[in-house]
Every structure is written in structure tokens, then in C-alpha cells.
There are 2 protein chains.
Amino acid sequence: MALVASSQELLAWDELTLLPEEASEHRGRQLAWLACRHHDLLVDPRLQSWLAELAGSPLIADAHCAAAINVREMRRQRERHVRLPRRLIEELASVTTLAQHEWQVARRKNDYRHFQPWLDRVLVLKREEARALAEGPDLYAPLLAEYEPGLTTEELRVLFAELQAELAALVPELVQRQAREARPTERPALLRGSFPQLAQEALCTSIAADLGFDFRRGRLNTAVHPFTSHLGPHDCRLAIRYDEGNLREALYALLHELGHGLYDQGLPTEHYGMPAGEAASLSVHEAIARLWENAVGRSLGFWHWLLPRVQAAFPGQLAGARPEDVWREVNRVRAGVNRVAADEATYNLHIILRFELEQSLVAGDLRAGDLPAAWNERYRQLLGVVPASDREGVLQDGHWAAGMFGYFPTYTIGNVLAAQLYAVASADIGNLEDQFAAGEFQPLQGWLSSRVFQHGKRFTTSGLAQAVCGTPLDSRPLVSRLRSAGADRP
Amino acid sequence: MALVASSQELLAWDELTLLPEEASEHRGRQLAWLACRHHDLLVDPRLQSWLAELAGSPLIADAHCAAAINVREMRRQRERHVRLPRRLIEELASVTTLAQHEWQVARRKNDYRHFQPWLDRVLVLKREEARALAEGPDLYAPLLAEYEPGLTTEELRVLFAELQAELAALVPELVQRQAREARPTERPALLRGSFPQLAQEALCTSIAADLGFDFRRGRLNTAVHPFTSHLGPHDCRLAIRYDEGNLREALYALLHELGHGLYDQGLPTEHYGMPAGEAASLSVHEAIARLWENAVGRSLGFWHWLLPRVQAAFPGQLAGARPEDVWREVNRVRAGVNRVAADEATYNLHIILRFELEQSLVAGDLRAGDLPAAWNERYRQLLGVVPASDREGVLQDGHWAAGMFGYFPTYTIGNVLAAQLYAVASADIGNLEDQFAAGEFQPLQGWLSSRVFQHGKRFTTSGLAQAVCGTPLDSRPLVSRLRSAGADRP
């Protein structure tokens, strides 16, 4: 199963980075064939009998041992798949491959109508999947469970509602405070300028290596949308995009994907291909990515280390800038229409909006044809901004084209958990920012490795929060961190 | 089977272009799994019964129709595979993946001893394969038949002996004549200089497009060793390497791989995945590659078209050069130690040498430990040069690491057939060089398409020569072409 899944991963990775324009249809067929092979292995009666045989075995008496993790997770995956018809598996793989291609075309042409029939096809299939898996009337729950097993839609609504209420007060407060604190001499948009792509690639490669990414076991590539893929025990690939007029685009995409990459490279390879060797959940994966992107990458200490490197890589750019200036800039709160480029506070409003809309789409309360209007209206209400075009609005993300309904919430769950984890790491290790300023990232990486990565799938997201931080998921550390980020120190 | 095979192709392509250093072992396992799946489908009793059912069918009464081609070739592949144990298929896929990786390491370190145990392992497996397939005592024959079915070792020995005899006289004659004709004002090594890789990539991309390569259905990448991969009906990928001090390296690799690419893109896509949609043979594939590389790329007309483009891409380089100067240079005959960089005449001696050595290796008359000495000694005898190191000598090609014994002859068979085909194309179309000078490559491509590409696997190599040129394989057109290439015109 690991050989099948990792082959699927490579074909999907290639699709997003290198595949020629006309080759999508055949790629869809290949991926559908592999998805069916994977399904066949999961529903194979032999697997059922092996799992049954292991049910009362002393081998899994300790619920936290690798064997017990593997048996529990294989059973969960198996139970999911026996409810899904093989035809649906095949069709989902092939339709989402084509839909992703058509999404890219629609985005390039700024033409939502080009994409709409594909979103419709994906929705029909995902609703069929949800109906086959659902335990009650909530069709969103089984899709969420694909990414975040153990978390109910209701728990998520409560967590997000609390956070939304905090942000409603906090965001305007931060905007006002930052306007008040801005120095008259401060230049706006320090990270805008002229940054040739080749030099950006070289800089990103060296940052990744310095932060601990092992290039003998991975790569850094270019893609339309940043992503990370785990293709084998020693093959983790980061992909980011570059904007020659704005260094921020590549830099923060790199730090985010690097977080994913450090997690993948830190998993116990002796368990590769089994749940004990896999990441706890997508939310935990996002937590690690957001931790490196935000807690590390938006800290003042980090910019003390990074700024001279950026200045050396781009002579003439950021001349005379101080670490404080850039640090203040990358922590500036300003509502915008783009999720990936959002500041750390408003980012979560982008997610809450998608969480709402995808629930409505899956429930059938919102039709694909009405999505752009609903999208723009909610942006106006939640963020006070309206996208100038569908390209900048509803077409900005490819998740729904890929059939990934229930995925978006993992970003904000990740933000919540990242703040919890970072608070404990700070208490355990000491002054992390001084270490970053000295280019020392290994202590943090080591802490994450022993506290998170080495556990594989031992814990659920909430279970991990409990085990490492002593509390379940809790948005307070995130709110408290947002309140102080970029603020003048006493 | 086409889905399995094209997935294998992508995994192998990725291995040669992008795979991280430590990831080879897992890639070997993936490829072994896919090779076994492919084998399982070929030896499936259902295929046997379908083929039996079709044996006397009117559907294949016309031996030249697509169905008949498919049945004939599927039967041949099946008969081959039923003789091979599944374990051998698995081991060959995994060992050759690792051996290719270790060959690259050995080449980088100039350390043949590092590679030798891997060559030994590959040889053990290939000899086992040959024994399982052999009809008589000749173990080389079944390996050759993998690439060139229908051609016996003895026929090949005769063809190569004739050519070798001609070259023994011709090469010194060409060297002397070229020395006599060289103008005192001629600068040596016009294609050496300063050619930044990015500009080379841009030039190669535009040449490929102008010559007819469709980038919506393909790509151009970088690899340690130039190669072309056909990953799907609309996904053909060329890979070449660049030398910033020598434009010739990338340029002629491009023209060669482009020939392969134009063939793959010219195959009838309605038969994709079946023999009627596949290239006739590797030798015919090489013929097309060598035709574009040599008959087109080393012609004076072509340089009339290309030279201003090169000069525009690299201001200051080749300043004041005339097409005649570059044309004479790229046709200069000079024995060297490198196959890929060899001139068109001595190239075949590199192949004849490999053909001899690989027969000895497979027969067990030559041991892997004695290979470097034998290699160097035969270079001295046949070409009058001795490699300065194993990196420049026996480690220059990765074919044997990949288990491709019997592949090298296809290059020279390709040269022979290319000259035959080009002579007929010239007679049919008229003055091709005038067309090249005007940037018109479509007439030649159209001719090749209707006479060669569209046939799929209808003909064997020799059958195609007979059908298109009216003779079987014949080295005389090649010898005649070598005699006049780069010579002053009347």
C-alpha cells in the first residue's frame, strides 16, 4: 500500500509542477488506476481477517505502541473504504485530476464559468462519498473526518466561533495600534523591489538548509501554488512560487512549506509506510508549517539573522533597513482578499469563511453557480474587502477542485495548535528568539522532533495538544500571541 | 498495461532528473512493484485465452492492420514473459535502479571499483534472463531481441564488420582531407566560449519549437545524461545537459533528443498504449534521432538558418563566423574517447566496441573486474586513443547499469537506417537543405510522419527499410554520406 500511495504521490506532484498542458487526461487515468489498486488492498478480505486476528492480541495491548497505532488506523481506513464503491474511487481520482487542470485554466483566464461545471462534477461525487460514509444527516462530518478524525463539525464550529468573536474586536484594535506606532521615517513595503528569481531560489535554498532541511532527502521546486509532497521515506519536496517584485511571496511560502518538510523529514523512517510513521493529522502538519512561518519567521530574532543574508543576496535592496523595520512590516495587520498573503490575524477569517461556504456547498444549500456572489458578499462582511475579480477571489485556491472539502479548517486548527506548541517550547527551551538571531534552529527542531514528529500517528490533534501542552485545543494562546505580535516591546 | 508502463516511465524519468540522493532505494521498490504488476498482466491466463481466440479471426486477416500488429506483438511480449520468473522481474527492476544510482556516484568519484559489484549483480540477473529466453547457446541473442526483434546476432556482426572495414579506410582519409581543406583563417572550436546556461535553455527551447516540438505535449529538462521519455499520449520529455564553455554539448544533444521527441509526438495517439501506437523499434527510434542530429543538424543549410539565432542569443560569441565555418567544424572527424561527443564517422566505432564487449560480458568471457582494461585496450586499437580515466572511459554510459545489454547496437543500426531514410526523403521532397536554410522543417517532418511514425509497430527495422527504401538494412548510404559530409562542394 505504501508503494501504491507513494507512486500516486509522485504522479500528483508531477501534475502540479511539470505536467504538459495536454497530458492531464492520461494522468487522471493513471491516478484512477492507482487509487483503485489502493482501495482494492484496503478492502481485501485478507486485511480484514488479519485485523480481526489482531483484535485481542497482546501485541497491541499497549494502545500507544507502534503496532497498536497501525492496527487502529488501518482498521479506520478499511472501514471507510468498504463503504465506498470502487467506481466512486476511480471517478473521484480522475475527475479531480481534470478539475484541477481546468481550475488552473479558469484562473489564468479569470473565468469562473469555465470552472463551474467541474466544481459541480466534483461536488456530486463528494456528496455521494459523504452519503456513503455519514452516520447522521450531517454530510460535512465524514469529509472533515478524512482530514481530522476525532473532531466533530460542532466542536469545530464552537472553536471557530470563539476565535471569530475575539478577532472581531482584535483586528481593528491591531490596525489602529500599528497605525499609531508607525514611525514617520518607515518606508512602506520594504520587501517590494527588484528580486531576480534565480537569486531568490539560491537564497531560499540556503535558508532551507540552514533551518535544517536535508537536501539529500528532498528538493525545492517551483509550482503555481505552493505545496509540499512526501514521496518516500527519503524524498520530501517543497514547491513555492516567486514574485520578482515582492520577496515576501517566496519567503513566507518557503517558511510554511519548510515547516511541512521538516515534519516529513522528522518522521520515524523505520515505520515508513505504516501509520506509526505518518504525521498525526493534517492539522498538526499545518501547525508545524504555521509555527515555522509565523512563530519563527515573523519574530524579531529571526529577522536579526535573516536581514543581512537578504541584503547580501540582493545588493541595493533593503539598504539601510533595520531588523525592526522588516519585523514590523511582516506583522502588519491589514485585511485583504488573498488567503496565502494574509497576515497572521486575518488569515483565520479567510479560513472561517471557506469553512462556512464549503459546509453550505456540501449540504446543497449553496450551488456552484451562486458561489462567487456568496464568496464576495462574505468577504465584504467578514473582512471588509471585495475581490476585484474571481481570479483574486473564488478562484484563488485549488482545494475544492481537488475534492478537498473539509481541508481548509486544518489551517486554523493548525494556527491554534502552533501557538499552543510554541508557548510550551519557549517555556521548555528558553529564549528561542535569541537562538534564531544566532542562526540556531536545531534546539526548536529537536524539541518538535521528540515531542511531535517521533510519535507518528500516536495521537489525534486534540490528543497531541493534551499530551504536549496539557490542554485540548485552545485558541487563547493564539489570541494572546496575535495581540503582541509586532508590537513595541516595553 | 499502458497505465502501469507509463507510471513506470514517470518514476524512471524522475529518478534520472530529480530524485534526491537518498531516495533511490524506495524508488527501486516502487519500480519493482510496477514491473511485477506489468508482468502479472502479461502472463495472466486471460490474455492467453484472448490471444488464442483471436488466432484465426478475420479481424487480423490483414497482417498489416492495427489489430494484427497488436495481436502479434502482445503474443511476442507474452511469450517472453511466461519464461521469466516473477522474482527475476522484481529483482531486475530493483537492482538496476540502485545500480544506476551507484553508477552516478562512481562516475562522480571516478571510481570504477565502487560500481563493479553492481555491474556484477546486474550481469548475474541478465544472464539468468538470457538463459531463460535463449533458443540456443548464444546468450546475447535474446537480450538483443528485447530491443531489436527479428535481427540475429550474426546478421548484426556481418553488418557491423562491413561498416568497420569501410571506416578503417574512410576515417584516416577524412582526417587527411579535412586537414588539407582547412583554411588558415579558420578559428578552431567556434562553439567554445561563454554560453550562460539560462540563455542556452532559452535557445534550445526556441529551436525545439521551430523544428516542430509541441510544448503543450512535452517538456525540456536537464539531466546528467541526455535522454527522452515518452510518459503518455501527450507527454514527451526531452532531457539534455549544458556546458557553459561549449555550446556544442547541448545543441547536438538537443537535436538528437528532439528527433526522439518528434517521433513520439508523431505516433498515432488513437492507438496509444497498444503496439500499433508504439515506435517500430529502438533502432528506428535512433534512426530518427540521428537523422535530426546529423542529416539535419550537420548540414550547411541548417547552419544558414541557425547561426544568426545563436549569434543573437549570445552577443559577442561567434562574431564574424560564417555558416560554412561552423558547418565544417561540426563535421570535423577526430577520434576521441567519448561516444556522445563523437563525430558522425567515428561514433560507430564507439558502438562496435561496446557491441563486442557486451557480448563478451554476457557470454562470461569477460569479467566485470577486467572490463576497464579491455575497454581501454580496444579504444587504443579501434580509435587510437586511450581514456585518461575511468570516468571518461568505461563509466561514461549508464546503459549497462540499467541492464540494457543489447541496446548499444541500435545506435549504429539507427545511423545506417537514418542515412537510407534521408536519401529517399531527399529524392522525394527535393532540396531539403534549402528548406532548412529557410527554417522550413515541416516537409521533412511530414514525410517522416507518413512514412515512418504513422505505422506504429507495423514493420520491423529491416521491414521498414524495405518498405520505405526498397532495400533491407544497408550501410552504403551511410558510408557515402560520411564521405561527403563537411567536404567542399564543387
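Trainee: Where along chain A do we find A:Glu392?

Mentor: A:Glu392 sits in the loop between helix 15 and helix 16 of chain A. Keep in mind that we are looking at a predicted model.

Trainee: Why is A:Glu392 called partly exposed?

Mentor: Its relative accessible area is 39%. Buried would need a value under 20%, and exposed a value over 50%.

Trainee: Which residues is A:Glu392 in contact with, leaving aside its neighbours within four places in sequence?

Mentor: Those residues are A:Val337 and A:Pro387. Contact here means heavy atoms within 4.5 Å. As for A:Thr97, 295 residues away along the chain, its C-alpha atom is 22 Å from that of A:Glu392.

Trainee: Let's turn to a tryptophan. What makes A:Trp303 a buried residue?

Mentor: A:Trp303 has a relative accessible area of 0%, and the limit for buried is under 20%. The value meets the limit, so A:Trp303 counts as buried. This residue belongs to helix 12 of chain A, which covers residues 300-313.

Trainee: What is A:Trp303 in contact with, if we leave aside its neighbours within four places in sequence?

Mentor: Its contacts include A:Leu191, A:Leu251 and A:Tyr252, along with A:Pro323, A:Val326, A:Trp327 and A:Val330.

Trainee: How do you know that the buried residues of helix 20 of chain A line one face of the helix?

Mentor: Start with the residues themselves. In this helix, residues 476-484, the buried ones are A:Leu478, A:Val479, A:Arg481 and A:Leu482. Looking down the helix axis, these residues fall within an arc of 165°, so they line one face. They pack against helix 8 (153-181), helix 11 (282-296), helix 14 (347-363) and helix 16 (409-429) of chain A.

Trainee: Now the backbone. What makes the phi of B:Asn110 worth a remark?

Mentor: Most residues other than glycine have a negative phi. B:Asn110 is not a glycine, yet its phi is positive, near 50°. The residue is in the loop between helix 5 (86-109) and helix 6 (112-133) of chain B.

Trainee: And what about the phi of B:Leu318?

Mentor: B:Leu318 is not a glycine either, and its phi is positive at about 55°. B:Leu318 lies in the loop between helix 12 (300-313) and helix 13 (323-330) of chain B.

Trainee: How do you class B:Asn110 by accessibility, and how do you class B:Leu318?

Mentor: B:Asn110 has 32% relative accessibility, so it is partly exposed. B:Leu318 has 5%, which is under 20%, so it is buried.

Trainee: Why is B:Asp44 called buried?

Mentor: Its relative accessible area is 17%. That value is under 20%, so the term buried applies to B:Asp44. You will find B:Asp44 in the loop between helix 2 (24-43) and helix 3 (45-54) of chain B. B:Asp44 and B:His26 are 18 residues apart in sequence and 27 Å apart in space, C-alpha to C-alpha.

Trainee: What can you tell me about the largest cavity, and what is its volume?

Mentor: The largest cavity has a volume of about 90 Å³. Of cavities of 30 Å³ or more, the count comes to 12. The largest is lined by 14 residues; among those nearest its centre are A:Phe115, A:Asp397 and A:Trp400. Helix 6 of chain A gives the most to this lining, with three residues.

Trainee: How does the lining of the largest cavity divide by class?

Mentor: That lining has 10 nonpolar, two polar and two charged residues. The second largest cavity, at about 80 Å³, has a lining of six nonpolar, two polar and three charged residues. B:Arg298, B:Asp343 and B:Glu344 are among the residues that line the second largest cavity.

Trainee: Last one: why is the relation between the two chains called a two-fold axis?

Mentor: Chain A is superposed on chain B by a rotation of 180° with 0.0 Å of shift along the axis, at an RMSD of 0.0 Å. This is the relation of a two-fold axis. Both copies use the same surface, as 100% of the contact residues of chain A recur in chain B.

How values were computed:
Residues numbered from 1 in each chain as written. Chains lettered and ligands numbered in written order. Predicted model: local features only at pLDDT ≥ 70, side-chain atom pairs only at ≥ 80, totals over all residues. Heavy atoms only, no water. Least-squares fit on C-alpha atoms with pLDDT ≥ 70 in both. Buried < 20%, exposed > 50% of the residue type's maximum accessible area, 1.4 Å probe, protein only. Helix = DSSP H or I, 4+ residues; strand = E, 2+ residues; numbered from the N terminus. Arc of directions from axis to C-beta. 1 Å grid on protein atoms, 1.4 Å probe; cavity = no way out; pocket = protein on both sides within 12 Å on 5 of 7 lines; lining within 4 Å. Points joined across faces, edges and corners; volume = space filled by probe spheres on them. Nonpolar A, V, L, I, M, F, W, Y, C, P; charged D, E, K, R; others polar.
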